[in-house]
Amino acid sequence: QVQLVESGGGLVQAGGSLRLSCAASGRTFSPYRMGWFRQAPGKEREFVATINWSGGSTTYANSAKGRFTISRDNAKNTMYLQMNSLKPEDTAAYYCAAKDLVAASYEYWGQGTQVTVSS
């Protein structure tokens, strides 16, 4: 089992920046892929970014490319999402997730952190 706790959300003006963190605990000695997802009110949860175990491979949703940067520090069991040039449409609850390398889908989820971008 892996427990995930997000932090760093808040209220920011359009054009501003936030850095989200996701702290992992529990069975953190196994390699796993991690990712960020978000869900806005009335909308389905959507993929934002993912990073492999070493941090050498990342993938972003089109909406995040060029503005968001995903990273991880395995020594601290923590993943980050640096969000720059935020837009009102980025307003959502952001969730971190993790899965074992052989798992077909994300198995572990955090409770979410709210990001609100005002215009």
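Is Thr113 buried or exposed? The points below take up this residue and then other parts of what is a predicted model.

1. Thr113 and its surroundings. Thr113 is buried, with a relative accessible area of 11%. Thr113 belongs to strand S11, which covers residues 113–118. Through its side chain, Thr113 reaches the backbone nitrogen of Gly9 at 3.1 Å.

2. The disulfide. The whole structure was searched, and one disulfide was found. The disulfide joins Cys22 and Cys96, whose sulfur atoms are 2.1 Å apart. The link of Cys22 and Cys96 is right-handed, with 55° about the S-S bond. Because Cys22 lies in strand S3 (residues 18–26) and Cys96 in strand S9 (residues 92–100), the pair ties together parts that are 74 residues apart in sequence. Cys22 is buried, at 0% relative accessible area, and Cys96 is buried as well, at 0%.

3. Strand S8 and its partners. Strand S8 (residues 78–83) is largely enclosed by the rest of the structure, because five of its six residues are buried. S3 and S8 run antiparallel and are joined by six bridges; in this pairing Leu18 has Met83 of S8 as its bridge partner. Strand S7 (residues 68–73) is likewise antiparallel to S8, with six bridges, and Asp73 has Thr78 of S8 as its bridge partner. S7 and S8 form a hairpin with four residues between them, and Asn77 in the turn has a positive phi of about 50°.

4. The nonpolar core. The largest nonpolar core holds 29 residues, of which Leu4, Trp36, Leu81, Met83 and Tyr94 touch the most other members. At least two residues of this core come from each of strand S1 (2–7), S3, strand S4 (32–39), strand S5 (46–51), S7, S8, S9 and S11. In soluble globular proteins, nonpolar side chains tend to be buried together. Beyond four places in sequence, Met83 touches several residues, including Leu18, Leu20, Phe68, Tyr94 and Val115.

5. Phe47. Phe47 lies in strand S5 and is partly exposed, with a relative accessible area of 30%. Residues up to four places away in sequence aside, Phe47 touches Trp36, Phe37, Thr59, Tyr60 and Ala61. Phe47 and Asn62 are 15 residues apart in sequence, and their C-alpha atoms are 9.8 Å apart.

6. The salt bridge of Asp100 and Arg27. Four salt bridges are found in the whole structure. In one of them, the side chains of Asp100 and Arg27 meet at 3.3 Å, N to O. Since Asp100 lies in strand S9 and Arg27 in the loop between S3 and S4, the pair ties together parts that are 73 residues apart in sequence. Asp100 is buried, at 18% relative accessible area, whereas Arg27 counts as partly exposed at 22%. The two values fall on either side of the cut-off, because buried means under 20%.

7. Arg38 is buried, with a relative accessible area of 6%. Arg38 forms a salt bridge with Glu46, the closest N and O atoms being 2.5 Å apart; Glu46 counts as partly exposed at 35% relative accessibility. Arg38 also forms a salt bridge with Asp90, here with the closest N and O atoms 2.9 Å apart. This second pair links distant parts of the chain, with Arg38 in strand S4 and Asp90 in the loop between S8 and S9, 52 residues apart. Asp90 is buried, with a relative accessible area of 1%. Salt bridges that share partners join Arg38, Glu46, Arg67 and Asp90 into one network.

Definitions and conventions:
Residues numbered from 1 in each chain as written. Predicted model: local features only at pLDDT ≥ 70, side-chain atom pairs only at ≥ 80, totals over all residues. Heavy atoms only, no water. Disulfide = S-S within 2.5 Å. Buried < 20%, exposed > 50% of the residue type's maximum accessible area, 1.4 Å probe, protein only. Polar contact = N/O pair within 3.5 Å; in protein donor to acceptor, adjacent residues only side chain to side chain. Pairing = 2+ DSSP bridges. Core = buried A, V, L, I, M, F, W, Y, C linked by side-chain atoms within 4.5 Å. Contact = heavy atoms within 4.5 Å.
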